[in-house]
Amino acid sequence: MRDNINKALKYSRECQLDDLEIYIEAGEELSIEIRNGEIDKFQESKSSGVGIRAIKNKKQALVYGTSLDFDELKYNIDKAKGIVEYLDEDEALDLNSEEQYDGIIMEKEINEIAQMPLNEKLSYLKEIEKQGSGQGDLKGMVESSSYDEVIYTRQIINTRGLDKIEKGAYTAAAISLAIEQKGIKETGFSYDYNRDINKLFQRKLGDEAYLKAKEMLGANQVETGKYMVILNNEIVVDLLSLLSSSFNGENLFKGKSLYKDKEGQKIISDLITIIDDGLKEGVLGQKSFDGEGTKTQNNIIIDKGVFKKGIYNLS
């Protein structure tokens, strides 16, 4: 594989491209669903993707493939070379050079997921399904219980000397159910993503989903007013997703963001601080580098209500 990448970088110079970057993602996945204690779905798969970024005369072409076979790499480089001359120039276009940081290799998490016996994974799914069924007269009707795991590799290499690799893994489980009482039906859902499979197995997702559905029985609309509320994680994620487009550097540059020209200004309650921390250990978003090979950082977007900065690409 490495020989083919080196040959591709060399070939790009022979093609008189200014720069070439190859971004690789590969993964092994397991997906399981059970219904009524029996396996309803069992799927193992492998995936791979190769992104080629070719630059010439401040113009950039992006081409995608699925293999590191040299013939396919060569074909895609030729394809990018044929496209790039027709694209617009970008004076800010650049690539990362060699950076002094180490890629994250999550050996512990990978090994624990890979070595966990299949029957333990099935037992956990059956247990949360049993929890979701409830106890006593008010039974939960479990619609689905699922488990997923991904073991992945990311690598980025370019003609500027950048060469970084990252290996990681994560697991996920989810359950959805419904409860019916006096003709009124409510639903409950709970899930978790976790890099530590043992921590995932400690979550009583079935109990959580059952309680959410049960608490909705008899719920009524509240009167309009000002209330003190506690938001759960799912609601916070929804709110952040609404704001995320306004943090996007391209939207800020083009004037499409709510926060254009508001850096350093207070835009929200001083009780709010939002941080994009790609270095936080154990979380799903932990990465050592982004898709351009830039080292991830602890980026403070909003600090005590003050908008500090958006999130920008290299170019």
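Me: Where is the kink in H7 centred?

Reply: On Ser241, and the bend there is about 30 degrees. Keep in mind that this is a predicted model.

Me: How many residues does H7 have, and how far does the helix reach?

Reply: H7 runs over residues 233–247, which makes 15 residues, and spans 20 Å from its first C-alpha to its last. That is close to the 21 Å expected at 1.5 Å a residue.

Me: Which residue caps the N-terminal end of H7?

Reply: That's Asn232: one of its side-chain oxygens sits 3.2 Å from the backbone nitrogen of Glu234.

Me: Okay, pockets next. What gives the most to the lining of the largest pocket?

Reply: The general idea is that rolling a probe the size of a water molecule over the atoms shows where empty space is left. Here, the largest pocket has a volume of about 1,100 Å³, and H7 gives the most to its lining, with eight residues. Strand E6, helix H6 and strand E7 each supply at least two lining residues as well. In total 30 residues line the pocket, and among those nearest its centre are Asn233, Val237 and Leu240. By class, the lining has twelve nonpolar, nine polar and nine charged residues.

Me: Why is the pair of Tyr124 and Phe201 stacked?

Reply: Planes under 30 degrees apart count as stacked. The rings of Tyr124 and Phe201 have their planes at 25 degrees and their centres 4.7 Å apart, so the pair is stacked. This pair links distant parts of the chain, with Tyr124 in helix H4 and Phe201 in helix H5, 77 residues apart.

Methods. Residues are numbered from 1 along each chain as its sequence is written. This is a predicted model: local features need pLDDT of at least 70, side-chain atom pairs count only at pLDDT 80 or more; totals for chains, interfaces and linings use all residues. Side-chain values use heavy atoms; hydrogens and water are left out. Helices (H or I, at least four residues) and strands (E, at least two) are DSSP runs, numbered from the N terminus. The expected span of a helix is 1.5 Å times one less than its number of residues. The bend at a residue is the angle between axes fitted to the seven residues ending there and the seven starting there. A polar contact is a pair of N or O atoms within 3.5 Å; within protein, one must be able to donate a hydrogen and the other to accept it, and residues adjacent in sequence count only if both atoms are side-chain atoms. On a 1 Å grid over the protein atoms alone, a cavity is a set of points where a 1.4 Å probe fits but cannot get out, and a pocket is an open set with protein on both sides within 12 Å along at least five of seven lines; lining residues have an atom within 4 Å of a point. Grid points are joined across faces, edges and corners, and a volume is the space filled by probe spheres set on the points. Ala, Val, Leu, Ile, Met, Phe, Trp, Tyr, Cys and Pro count as nonpolar, Asp, Glu, Lys and Arg as charged, and the others, Gly among them, as polar. Rings of Phe, Tyr and Trp (its six-membered ring) pair if their centres lie within 6.5 Å; planes under 30 degrees apart count as stacked, over 60 as edge-to-face and the rest as tilted.
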